Structures are given as structure tokens and as C-alpha cells.
Amino acid sequence: MTEGSEKATMRALKKMGIKTCAIHLNNDWELVRQGAEARVYKGSYEGRPSIAKQRFSKGYRHPVLDSSLSTQRLRSEVKRNLKCRTAGILAPEILMVDVDQCTIVMEEIGNGRTLKQKIKELEKDSNPADELKQICSNLGHLIGKMHEAGTTHGDLTTSNILLNLNGEMVLIDFGLGGGEASAEDKAVDIYVLERALAATHPNMEPLIPDIIDSYCKNNSKAAEVIKKLEDVRMRGRKRSMVG
């Protein structure tokens, strides 16, 4: 990362009220997951159970300090997290950011079970319909409020929603969130969730209208988004037909 880029990122984070300092992910931090562009560690920060997420560029085992993409996604994730929290949407509290190492340290969500795990458990029950319908209603409420706040997620799947100790939905991983949050961006957000549900939880696909209904009740500009959603769905069907 260039000195100018680092200073710009530091200034942006300061404006957001985020603490910036260095952190060493030593043996006290346990690597719990690694993806194509990030590692996730579990440990403790200032006595609090915490999660550290370290971004890097594809194809590298270590953070690429001059990677503008990693830095942009770090700033994007922080910004969208704060937007959601300001709007009363549950998201992990960000405790600090190490700009040089492209690392965000945030609170660990108690329970830490994903919505995906919860739904998989319910699907084993003999009659999970009522609970699944409630989950869909809660999903629509969550996404509607997020879009109402003027931000998007970019990768809405049941793996990127955690359940806290009270069973409430907590949004995580905002790194792919769009910048402008246009009606089109919001429509794509919903479409990504629809496709994720169809692929991972096919029993929930017939309940997607429940999500849309709840979404419309919680987003004053939902009509424009739903109109765009029809266009996005049509493009998706055409791509499927082409292969």
C-alpha cells in the first residue's frame, strides 16, 4: 500500500470513528477459516472474544500491502457495517482496524451459528413450515431496513447471516457491498439471496414471496426495487438458457 493510500484510508476510518492501530495475529489467534481473499481468526482483543478478518489479493498467501482492491474492500466493509448499525440493524461491533495488514477486528457474535445451519436443522423436522415462514419474514425485514438505510450487502446468503444468543439475525461480511446502492444494486442483492436459497435450501424457494412481502413493508422505496428485480430475474433466466 502506498503512503498516500494508507493515509487516505486512515483519514476515512478516523472520520467513521474507528480505532486504527497494529495487531499481531500470533499463536493467540486461531485460524478458523480461509477463503480466496480473506482469512478469519478467532481470539481475544482487549479482553473481549473477537474475530479478526484479514484481507489479501487472490493468488497470494500473505496480505498484499499495495493492493488497492484489498484496501477498498476493507473500507467498504467498515462503511457498510457502520451504516447498518446506525440504522439499528444488527452487525458485529468493529473494535479496531490495522490498515497496514488489511485486518478488521470485531466482536465475536455469541452462539455464532449461521442461518444456514439453523435452516438445515429445521428441515429435518416433520413440520417446519411455520418457523421457516417466520425466518422469511425476518429476512425480508432485515433486507428492507438495510436497503432503506441506503446500502447493500453484495453477497446475501444464509452463511453470511449469524444468529446471536437471542436468536436475532446478525449481518456479516460486507466486503462486496455496492457503493451507490441504486435500485438495480438492491434488486441484485435480493436476486443473489433468491438463488442462494434455491441452491442451498430448495424447500424455501416457494416461500420467497414471504420475503418480498416483508421487504416491501420495511422499505419505502420497495416498488422501484421490485420492478428492477423482475428485470434482473429475466436476465438471470436468459443466462441460464444460454448456459
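Is strand β2 (residues 38-45) mostly covered or mostly uncovered? Strand β2 is mostly covered, with 6 of its 8 residues buried; buried denotes under 20% relative accessible area, exposed over 50%, and partly exposed the range in between (1.4 Å probe, protein chains only). The views below come from a predicted model, in which local features need pLDDT of at least 70, side-chain atom pairs count only at pLDDT 80 or more, and totals for chains, interfaces and linings use all residues. Residues are numbered from 1 along each chain as its sequence is written, and side-chain values use heavy atoms, with hydrogens and water left out.

**View 1. The open sheet has 5 strands in the order β1-β2-β3-β5-β4.** Pairing in this sheet is antiparallel; two strands pair if DSSP finds at least two bridges between them. Strands (E, at least two residues) and helices (H or I, at least four residues) are DSSP runs, numbered from the N terminus. The edge strands, β1 (30-34) and β4 (94-98), each pair on one side only. From one strand to the next, the twist averages 25°; axes for such angles are lines fitted to C-alpha atoms, for helices over the stretch in contact, and the angles run from 0 to 180 degrees between N-to-C directions.

**View 2. Two hairpins involve strand β2.** Strands β1 and β2 form a hairpin with 3 residues between them, and their antiparallel pairing extends over 4 bridges. Within this pair, E30 stands opposite K42 in β2. Strands β2 and β3 form a hairpin with 2 residues between them, and E46 in the turn has a positive phi of about 50°. These two strands run antiparallel and are joined by 8 bridges, with S50 in β3 as the bridge partner of G43.

**View 3. Strand β3 (residues 48-55) also pairs with strand β5 (residues 103-107).** The two strands run antiparallel and are joined by 5 bridges. Here K53 stands opposite I104 in β5. At the R48 side chain, a salt bridge to E93 is present (3.2 Å, N to O); a salt bridge is a side-chain nitrogen of Lys or Arg within 4 Å of a carboxyl oxygen of Asp or Glu. Because R48 lies in strand β3 and E93 in the loop between α2 and β4, the pair ties together parts that are 45 residues apart in sequence. R48 is partly exposed at 33% relative accessibility, and E93 is partly exposed at 29%.

**View 4. R55 forms a salt bridge with D173.** The closest N and O atoms of the pair are 3.5 Å apart. D173 lies in the loop between β8 and α5 and R55 in strand β3, so this contact ties together parts that are 118 residues apart in sequence. R55 is buried at 7% relative accessibility, whereas D173 is partly exposed at 26%. T71 counts as buried, at 4% relative accessibility.

**View 5. The largest nonpolar core contains 36 residues.** A nonpolar core is a set of buried Ala, Val, Leu, Ile, Met, Phe, Trp, Tyr and Cys residues joined through side-chain atoms within 4.5 Å. The residues with the most contacts inside this core are L115, I135, M169 and L171. Elements that each supply at least two of its residues include α3 (115-122), α4 (129-148), β8 (169-171) and α7 (222-242). Helix α4 gives the most, with 7 residues. L115 touches I135, L139, T158, I161, L163 and M169, not counting residues up to four places away in sequence; contact means heavy atoms within 4.5 Å.

**View 6. Helix α4 contains H147.** H147 is buried, with a relative accessible area of 1%. Its side chain is joined to that of D189 by a polar contact of 2.9 Å. A polar contact is a pair of N or O atoms within 3.5 Å; within protein, one must be able to donate a hydrogen and the other to accept it, and residues adjacent in sequence count only if both atoms are side-chain atoms. Leaving aside neighbours within four places in sequence, the residues in contact with H147 are T152, K186, D189, I190, Y215 and N219.
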